[in-house]
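Please look through the model below before reading on.

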Amino acid sequence: MEQDKADGQQDAGAYRHADPIMDQALTWFVVLLDSPADPGTHDAYLAWRNRDPRHAAAFDRLSSLGSMPELQEATLAHPPQTALPPVRSSSRQGVTSSAARRRSRRGGGWRASLAAAALLLAIGVHLQPMLTLRLTADHRTATGERREIALPDRSRLILDTDSAVALDFAEGQRHVRLLRGQAYFDVVRDPARPFRVTAGFSEVKVTGTAFSVQSVGGRDAVFLERGRVSVTRREPPGQTVALVPGDRVTAAADGLSAPTRPDPAVALAWTDGRYVFHDQPFAAVVDTLRRYHAAPVIVIGDRLAGARVSGNYRLDDPTGAIRSLAGVVGARVTELPAGIILLR
């Protein structure tokens, strides 16, 4: 009874899928990734699978759509008809089932996080936004890609990983919309035609200068390398901040920040394919590196998240950078099918 109560408390804030059967399938999906060769776990999984045809259908859909045939092969090594019989509602089997549930939910925090990541992979909740982006963007980069683009007015644009822009240079306009990610602009001077960049919360207006704009994580960040720019918050009350070289300002739903003065070598290192950081939380560094890694990177536990790290890494090898940083903070690295990285 006390154990069941503890399980309920542990699950209270865990990830839940709206479909209870898919929620159970997600739990088994993650448990079997963690210990696919454990006979007790395998038997408990088969008992759950055989209890209801919908269980098998949900799990098979999840593993096949997740492009993880290794998992399906491991868990379906014995066909259902030769597996354990369906679990009936006897008291002894009820205890066994309860124990299996406890085993599957032990360490619930990281399993819940991984289940959520598996769900994102398997059923594609980002499909619609990505389709909209593909229809809207004039230029896009894939995860890990960085591209230099010549604009119609001879200005230069560097588009960072997993980023997208839409261009409007018709009828004398010089307007770029940053739809996603990060971009660096080296703008040809033309006082008669201001150059505008709009992002999620801000608009940058210049005549000729060099600056970067990032729109990630619910905020925009504008860094000025040279020249002068004005940054205006798009929504009322329409605050405006003028930047001088070396200034950075952020824009979010609650307004514009005061300018700060980061190290330019750090702020623009990405344009040369590097990530430079000093005394940053491990979780924040992983947030940046996961933008260059095609599959989820999941950090388990507050101890790792808050550890302070410094480094200088190549962005074309995010996995190597993650492994190196994991060694610094004493994290265990587990690489799962489909490229998922688990840090604990």
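What follows is a walk through selected parts of the model.

This is a predicted model, in which local features need pLDDT of at least 70 and side-chain atom pairs count only at pLDDT 80 or more, while totals for chains, interfaces and linings use all residues. Residues are numbered from 1 along each chain as its sequence is written, and side-chain values use heavy atoms, with hydrogens and water left out.

Helices (H or I, at least four residues) and strands (E, at least two) are DSSP runs, numbered from the N terminus. Two strands count as paired if DSSP finds at least two bridges between them. Strand β12, residues 248–252, pairs in the antiparallel sense with strand β9, residues 219–226, over 4 bridges. One of these contacts can be located by residue: V222 has V249 in β12 as its bridge partner. Strand β12 also runs antiparallel to strand β13 (residues 255–256), to which 2 bridges join it. Here A251 has L256 in β13 as its bridge partner. The two strands β12 and β13 form a hairpin, with 2 residues between them.

Strand β15 runs parallel to strand β18 (residues 341–343), and 3 bridges join them. Within this pairing, I298 has L342 in β18 as its bridge partner.

L342, which is found in strand β18, is buried, with a relative accessible area of 1%. Buried means under 20% relative accessible area, exposed over 50%, and partly exposed in between, with a 1.4 Å probe and protein chains only. From C-alpha to C-alpha, L342 and V299 are 6.3 Å apart in space, although 43 residues apart in sequence.

The next topic is charge pairing. Side chains of opposite charge can pair when their charged atoms come close. A salt bridge is a side-chain nitrogen of Lys or Arg within 4 Å of a carboxyl oxygen of Asp or Glu, and by this rule the count comes to 16. One of them joins the side chains of D162 and R180, at 3.0 Å from N to O. This pair links distant parts of the chain, 18 residues apart: D162 is in the loop between β3 (156–159) and β4 (164–168), and R180 is in strand β5 (residues 175–186). Both ends count as partly exposed, D162 at 22% relative accessibility and R180 at 32%.

Another salt bridge, 2.6 Å from N to O, is made by the side chains of D186 and R226. D186 lies in strand β5 and R226 in strand β9, so the pair ties together parts that are 40 residues apart in sequence. D186 is buried at 19% relative accessible area, whereas R226 is partly exposed at 40%. R226 also meets the side chain of E225 in a salt bridge of 4.0 Å, N to O, and E225 is partly exposed at 36% relative accessibility. Through shared partners, salt bridges join E148, R156, D186, E225 and R226 into one network.

Which residues of helix α10 (residues 282–289) are buried? They are F282, V285, V286 and L289. Seen down the axis of α10, these fall within an arc of 100°, so they line one face of the helix; the arc is that of the directions from the helix axis to the C-beta atoms. The elements they pack against are β14 (274–281), β15, α11 (302–306), β16 (308–314), α12 and β18.

The last topic is backbone angles. Most residues other than glycine have a negative phi. E171, in the loop between β4 and β5, has a positive phi near 50° and counts as exposed at 82% relative accessibility. D279 has a positive phi of about 50° although it is not a glycine. D279 is placed in strand β14 and counts as partly exposed at 45% relative accessibility.

Notes: Contact means heavy atoms within 4.5 Å.
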